[in-house]
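Biologist: Could you walk me through this one? I'd like to go through it piece by piece.

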Amino acid sequence: MLHFPKPDVEQFFQTYGIQTFAVSPDETQLVFSTNLNGKYNVWGMDLPNTFPYPLTFHNQSTDVLLYDGNGDYMLAVSDEDGDENGQIYAIPSQGGGLKPVRSVEGAKHFDPMLSDDGKRLYYTSTKDDPTFMKSYVYHLDTDKEEIILHGDKGSTALIDKSPSEKRFLYFKFFANTYSLAYVKSDEEDLLLTPETEDQHTVSGGVFVSESEIYLLTNYDSDFSYLSRYNIDTKTFERVLKLEKEDLVDVKFDQKTDSLYLVSQKGVRTYLYNYDIKNQRVERIEAPVSIIDEIVVARSGSIYVRGNDATVPMNIYKREGENWVTLTNFGVPGVKEEELVAPEVVTYPSFDVLPIEALLYRPKKEVDNGHTILWPHGGPQAAEQAKFRSLFSFLVYSGYTLFAPNFRGSTGYGLEFMKKVEGDWGHGPRLDNVAGLEWLLEQGYASRDKILLMGGSYGGYMALLLHGRNGDYFKAVVDIFGPSDLFSFIDSVPEHWKPAMAQIVGDPVKDKEKLTEDSPIKYVDSMTKPMLVIQGAKDPRVVQAESDQLVAALKKKGRNVEYIVLEDEGHGFSKKENEMMVYRKVLEFFEQHVGVGAVKS
């Protein structure tokens, strides 16, 4: 009888991702961007068969895939080593080299759309206006291009076109909690939500006819709902509101004249179908707790990309009342029941504000008694009940992991989300501290066995907590976190800059507050061992943010390790880099808590 050793944490490093996907018009082919060969490429599957085959070999991330109307080729938006300057390429449906369609060095291209006849390409780009952007129509047969939208006052992006392609839906972004929708009709630009001095957002929108648009907005509401705008009569009306759920995505199914809606409520998402004619809504049992993307085929078939806390990202198709799993990504050699799903807990913060959090508790036989605090990125995002190989292998290795959705997180309403604006370092920091105290009171953590790790805004928060509340922690990991709010505001991408005064603060008017909330001010108090990780091509949090922190720490003689990934941006696009970093994180923690050694 053969006996196999217990799976090692190394196997968690071998999980793969799916960035985006598309389905051919006749549904005979499904394509998706995945890192099966260690770097992201476009792969295909011939449906109903589900054996994947490679279509590209460019080894770069792809965040958009789109078929032409005949299924002869696809459009892909890919960047270079995480620089986020997406260029638009064409790929034959049978695979091969990438043909540049719209490409400008240093510029970013967004959300391509093709006309039904495949002759016109619509898209938004920073190429002529890096701050407010412009939108274009490019004629593929004549190589001519026209500007159809000029950005103004806020970053302006094309969202949808009417069936006749004579009317255009676009958004103006002023902040994460302030974005408006307009329609360009002839020479007229119509605001689609009623005039008000109160900030609100429009987070999704789609034409269902030449005169009607359905929008997701929180106008005059704390949570986003479904609304309708009639261009001819210039009327706005609410259509569907769900109790304490934020509607975050909408897709139109022309075949059934219905809308598919995704909502977010705290740490998970839900799926609905709204029958436009009969004004009926039906909740659909989804195959996963977190839906990241929906594709509606011409036939009315629905496909989703999503994941669970114990199941990595996969693609599913709805057949009747059931879902068929088209991909089969899991943790090699580890059964789903061996993984740990989080408990959803709520605790009161310093001002009694309720804070929801995810608590991952390892199985008793491996529990090493140590707890990792994970402040999420964003900050106007949320930690959801989704699969993270980083979480899974740390919990599998015996660590408790605690992830609070502090003030500013999404999924809890507009008012809650706004609480972080202009207050990056006080309220959210104290929410995290209150979470630690709650863990200690409940017996989920020991005061001398707490670790700290975060990425992006979470990296910033890890640095600030280390500097201002360092007595709680034994060791700290910062993954591309801003260290100085002044230099951070100055170095973000140009199309972010108009929003920075509201999101973070004004460097002149809010100088005192930004100084107080900048981690670099507290280097003297950062005495615990640190691991700092940075992508050299990160356009959001540039390398200088980590360089200046590490230099200041080294000048003080602190114990700090620094890893710069030369071919990465704001994340990990290459499996070898991700694996190296995750191994290092585990080694770093085990070195400083003394609970064993990680195998190489």
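Predicted model: local features only at pLDDT ≥ 70, side-chain atom pairs only at ≥ 80, totals over all residues.

Biologist: In which sense do strands β34 and β35 pair, and over how many bridges?

Modeller: Strand β34 (residues 476–479) and strand β35 (residues 530–535) run in the parallel sense where they pair, and the pairing extends over four bridges.

Biologist: What packs on the sheet there, touching β34, β35 and β36?

Modeller: That is helix α8, residues 543–555, whose direction makes about 155° with that of β35. Helix α9 packs on the sheet as well, touching β31, β33, β34, β35 and β36, and its direction makes about 175° with that of β36.

Biologist: And in what order do the strands of the open sheet come?

Modeller: The sheet has eight strands in the order β29-β30-β32-β31-β33-β34-β35-β36, and the pairing is mixed. At the edges are β29 (343–348) and β36 (560–565), each of which pairs on one side only. On average, and ignoring direction, neighbouring strands of this sheet are turned by 20° against each other.

Biologist: Let's switch to helix α1. Why is it described as largely enclosed by the rest of the structure?

Modeller: Helix α1 spans residues 389–396, and eight of its eight residues are buried, so it is largely enclosed by the rest of the structure.

Biologist: At what angle do α1 and α9 pack, and how far apart are their axes?

Modeller: The angle between α1 and α9 is about 35°, with their axes 11 Å apart, and the crossing is right-handed. On the α1 side the contact is made by S389, L390, F393 and L394, and on the α9 side by E578, Y582, L586 and F589. By class, the residues of this contact divide into six nonpolar, one polar and one charged.

Biologist: Back to β31 for a moment: is T371 buried or exposed?

Modeller: T371, which has its place in strand β31, is buried, with a relative accessible area of 1%. A polar atom of the T371 side chain lies 3.4 Å from the backbone oxygen of Y444. Not counting residues up to four places away in sequence, T371 touches T400, L439, Y444, A445, K449, I450 and L451.

Biologist: Different region now. Where is T201, and what does it touch?

Modeller: T201 sits in the loop between β16 (188–191) and β17 (202–207), and at 7% relative accessibility T201 counts as buried. Beyond four places in sequence, T201 touches N176, T177, Y178, S179, L216, T217, N218 and S224.

Biologist: Last one: what is Y219 in contact with?

Modeller: Leaving aside neighbours within four places in sequence, Y219 is in contact with T193, P194, T196, H200, Y225, F236 and R238. Y219 lies in the loop between β18 (212–217) and β19 (225–230), and Y219 is buried, with a relative accessible area of 16%. The C-alpha atoms of Y219 and Q199 are separated by 7.9 Å, although the two residues are 20 residues apart along the chain.

Terms used:
Residues numbered from 1 in each chain as written. Heavy atoms only, no water. Buried < 20%, exposed > 50% of the residue type's maximum accessible area, 1.4 Å probe, protein only. Helix = DSSP H or I, 4+ residues; strand = E, 2+ residues; numbered from the N terminus. Pairing = 2+ DSSP bridges. Axes fitted to C-alpha atoms, helices over the stretch in contact; angles between N-to-C directions. Contact = heavy atoms within 4.5 Å. Left-handed = near helix turned anticlockwise from the far one by under 90°. Nonpolar A, V, L, I, M, F, W, Y, C, P; charged D, E, K, R; others polar. Polar contact = N/O pair within 3.5 Å; in protein donor to acceptor, adjacent residues only side chain to side chain.
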